[in-house]
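Here is a short report for a first look. Keep the sequence and the 3D view open while reading.

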Amino acid sequence: MVDIIYLARTRSTLVWAALVAATIGTWWLGVHSLPGLEDVGGGVGAFVIFVAMIKVRFVAIHFMEIGNAPLALRLIVELYCVALLSVISILLLVT
Amino acid sequence: MSVLERSDTSAEPMAATPTRHLPGEVGVWVFILGDMAIFAVLFVTYLTGRTGDVDLFNSSQSALNPDFGLVNTLLLLTSSLLVVMGVRSVKERRGPGAWFFLGAIACGLAFSALKVIEYSDKASHGLTPATNDFFMYYFVLTGLHWFHVALGILVLIAMTHFARKDDLTDQQVAFVEGGACFWHMVDLLWIVLFPLLYLAH
C-alpha cells in the first residue's frame, strides 16, 4: 500500500484529475444547451474541441513523457496539436 | 569493452541535453506518429464530409448517446494513469507493476464491453454503416479505434508478463515504455474522437 501511494504521488495523478474534470465539463457542455449559447452555432463545438486538444497535449507531455523527450519529437507533437486544432476549428466554424 | 563503456558513460554528462530521454524504441514512435497522422486525416475527412450535409450529420449525431463516450473516456484516462504508475513501478522496481497493467487491461475490456452494448443498441435501432454518411464515419472511426484498443490490450498483456520479472533487460524496459506510449496514444485519439463524433455540432 505504501508503494502504491508512493507511485501515485506524481504530477501524472494531478494531470489525470484535471483531465477527468475537463472531460466531465465538456461532456456536460456538449449535452446541455446553455441558454443564449444556441445562437453561437459551431462555437460550442469549437470550444469543446479546443479543450480536447489541450487534453491531448497533456496526455502527450505528461503521460507519454514527450515533455522530456528529444526536442524534435516534442516539436512534432506540438505542431500536430496546433495544426489539428486549427483545421478542425475552421471546418466546424465555417458550417 | 570496458574502455568503451567507460568512455560512453563519461561522454554522457557532456551531451547537450543529457536528461532528455526517448521512451521506447524509435520504431515505436514511427508507428505512433504514423497512426496519429492517419487519424488526423480521418478526422479532417469526417469534417469535410460533414460540411456537405451539416443538418444530416447534426440530426444523426443526436441519435448517439454521449454518456457512452463519457464513460469510455474516463475508462481510458484511468487506464493511462495506471499505465504511468506501472511503468514507474517497473523502472524503479518498486510496487506491484503487473497489477497496474492488469488494471489497465480491465479498463480496456470494460471499454470494449461498452462498445458491444453501444453497437448493438445502434443496430437494434436500424442504425448501421449503410444508414447514411454520418453513421458510415461513426462506425469506421470508432471501429478503427476499437481495433487499436484490442492491439493495446495485447501489448498490455506482454507488459504484464515483463513486469512480473525480477530482472529486465534494457530492451524489455524499452518495450514496456514503448507499449505504454502506444496505450496513451489510444487514449489520446479517443480524446479527440469523443467530442468530434458525439459533442461537436
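The report covers confidence, fold, contact and core.

This is a predicted model, in which local features need pLDDT of at least 70, side-chain atom pairs count only at pLDDT 80 or more, and totals for chains, interfaces and linings use all residues. Residues are numbered from 1 along each chain as its sequence is written, while chains are lettered from A and ligands numbered from 1 in the order in which they are written.

Confidence comes first. The predictor gives the complex an ipTM of 0.91 and a pTM of 0.90. Chain B has an average pLDDT of 91, and 91% of its residues score at least 70. Here pLDDT is the predictor's confidence in each residue, from 0 to 100. Residues 1-15 of chain B stay under 50. For that stretch the model has two contacts beyond four places in sequence. Two residues are in contact if their C-beta atoms, placed from the backbone, lie within 7 Å.

Next, the fold. Chain B has seven helices and zero strands. Helices (H or I, at least four residues) and strands (E, at least two) are DSSP runs, numbered from the N terminus. The C-alpha atoms of chain B fill a box of roughly 70 × 35 × 20 Å along the principal axes. Of contacts in chain B between residues at least 6 apart in sequence, 79% join residues at least 24 apart. Chain B has 201 residues, and 39% of them count as buried. A residue is buried if 20 or more other C-beta atoms lie within 10 Å of its own, exposed if 12 or fewer, and partly exposed in between; C-beta atoms are placed from the backbone.

Now the contact between the chains. Chain B gives 41 residues and chain A gives 40 residues. On the side of chain B that touches chain A, H2, H4 and H7 of chain B each give two or more residues. H4(B) gives the most, with 11 residues.

Last, the core. The largest nonpolar core has 77 residues. Such a core is a set of buried Ala, Val, Leu, Ile, Met, Phe, Trp, Tyr and Cys residues joined through C-beta atoms within 7 Å. Both chains give helices to this core; the table lists those of chain A.

| Helix of chain A | Residues |
|---|---|
| H2(A) | residues 11-31 |
| H3(A) | residues 42-63 |
| H4(A) | residues 71-93 |

H7(B) supplies the largest share, 18 residues. B:Val83 and B:Ala104 have the most contacts inside the core. Leaving out residues up to four places away in sequence, B:Ala104 touches B:Ser79, B:Leu82, B:Val83, B:Leu156 and B:Trp183.
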